[in-house]
Amino acid sequence: MSLPPDPDTLRDDRQTRDISKKTLRKSLLEIRKTLTETEHLDFDRAIGRQILHYLENHPFRTVGVYLPIRNEPDLSELYTELSRKISLSLPITPARDKPLQFVRWQPGDALVKGAYNVLIPEKQEPVPMPEALLIPCVGFTANRFRLGYGGGFFDRTLAAHPDTHTIGVAYSCLQTEFETEENDIPLHCIITETGIML
């Protein structure tokens, strides 16, 4: 007969994973910070082209997007083009331990600072969960697992809406490896300036 797992051992394993992810996250954010302004502009436009190509083959009517923080890819040009044929929305964080909610947005709408200094629409018109989400990644693996900032917002959101199509957005230099957990779910694809990872 096997003994049940020692809860203290499980806790120690989780703490070790959390510490290693925290260290990895810090180093990846530093890498992203070293990209030049020209690299950002070139890579962001290339990512935009890749996303447009992907969406031509996946004609979603509603897409949740993001506004960049901490040197994330800036897809402003893409959003202007998408807004002509797709309903866009932005996430808001109602509470620390809750899933994200989405509110209607299009380029040019007035913005204010929300939780965590993230820009959100001044006028907040809630919308149903979008069919697809563009999700910025701090890092990602070859198997399309995402490393985020550690707040768990997207994890909680996708757990509540498992049918949502997930499109990770990142620079190719942020591909890495990290230990995943049993309940981690890979994104449907990761899009970088070099291509689409399915």
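Predicted model: local features only at pLDDT ≥ 70, side-chain atom pairs only at ≥ 80, totals over all residues.
Residues are numbered from 1 along each chain as its sequence is written, and side-chain values use heavy atoms, with hydrogens and water left out.

The chain holds four helices and twelve strands, where helices (H or I, at least four residues) and strands (E, at least two) are DSSP runs numbered from the N terminus. Its radius of gyration is 18 Å, close to the 16 Å that the globule rule gives for 198 residues, so the chain is as compact as a globular protein of that length; the radius is taken over C-alpha atoms, and the rule is 2.2 Å times the number of residues to the power 0.38. Taken along the principal axes, the C-alpha atoms of the chain fill a box of roughly 60 × 35 × 35 Å.

Of the 198 residues in the chain, 40% are buried, a class that means under 20% relative accessible area, with exposed meaning over 50% and partly exposed in between (1.4 Å probe, protein chains only). The accessible surface of the chain comes to about 11,700 Å², of which 51% belongs to carbon and sulfur atoms; such areas come from the Shrake-Rupley method with a 1.4 Å probe, and for residues only the protein chains shown count as cover. Among contacts (heavy atoms within 4.5 Å) between residues at least 6 apart in sequence, 68% join residues at least 24 apart.

Rolling a probe the size of a water molecule over the atoms shows where empty space is left. On a 1 Å grid over the protein atoms alone, a pocket is an open set of points where a 1.4 Å probe fits, with protein on both sides within 12 Å along at least five of seven lines, and lining residues have an atom within 4 Å of a point. The largest pocket has a volume of about 1,600 Å³, the volume being the space filled by probe spheres set on the points, which are joined across faces, edges and corners. The lining of this pocket consists of 50 residues, and Arg146, Gly151, Gly152, Phe153 and Phe154 lie nearest its centre. Two or more lining residues come from each of helix 1 (7-33), strand 2 (87-92), strand 5 (119-121), strand 7 (132-136), strand 9 (146-147) and helix 4 (153-160). Helix 4 gives the most, with five residues. By residue class the lining divides into 27 nonpolar, twelve polar and eleven charged, where Ala, Val, Leu, Ile, Met, Phe, Trp, Tyr, Cys and Pro count as nonpolar, Asp, Glu, Lys and Arg as charged, and the others, Gly among them, as polar.

Serine 89 is found in strand 2 and is buried, with a relative accessible area of 3%. Leaving aside neighbours within four places in sequence, serine 89 is in contact with Val63, Gly64, Val65, Phe102, Val103, Arg104, Trp105, Val127 and Pro130. Valine 65, in turn, belongs to the loop between strand 1 (62-64) and helix 3 (76-82), and its relative accessible area of 1% makes valine 65 buried. With the neighbours within four places again left out, the contacts of valine 65 are Tyr79, Leu88, Ser89, Leu90, Pro91, Trp105 and Leu134. The C-alpha atoms of valine 65 and isoleucine 135, which are 70 residues apart along the chain, are separated by 7.3 Å.

Helix 1 supplies two further examples. Lysine 33 has its place in helix 1 and counts as exposed at 52% relative accessibility; lysine 33 and asparagine 71 are 38 residues apart in sequence and 6.3 Å apart in space, C-alpha to C-alpha. Glutamate 30 also lies in helix 1 and counts as partly exposed at 40% relative accessibility.

The backbone deserves a look in one loop. Most residues other than glycine have a negative phi. Tyrosine 116, in the loop between strand 4 and strand 5, has a positive phi near 60° and is partly exposed at 47% relative accessibility. Asparagine 117, in the loop between strand 4 (111-113) and strand 5, has a positive phi of about 60° although it is not a glycine, and is exposed, with a relative accessible area of 55%.
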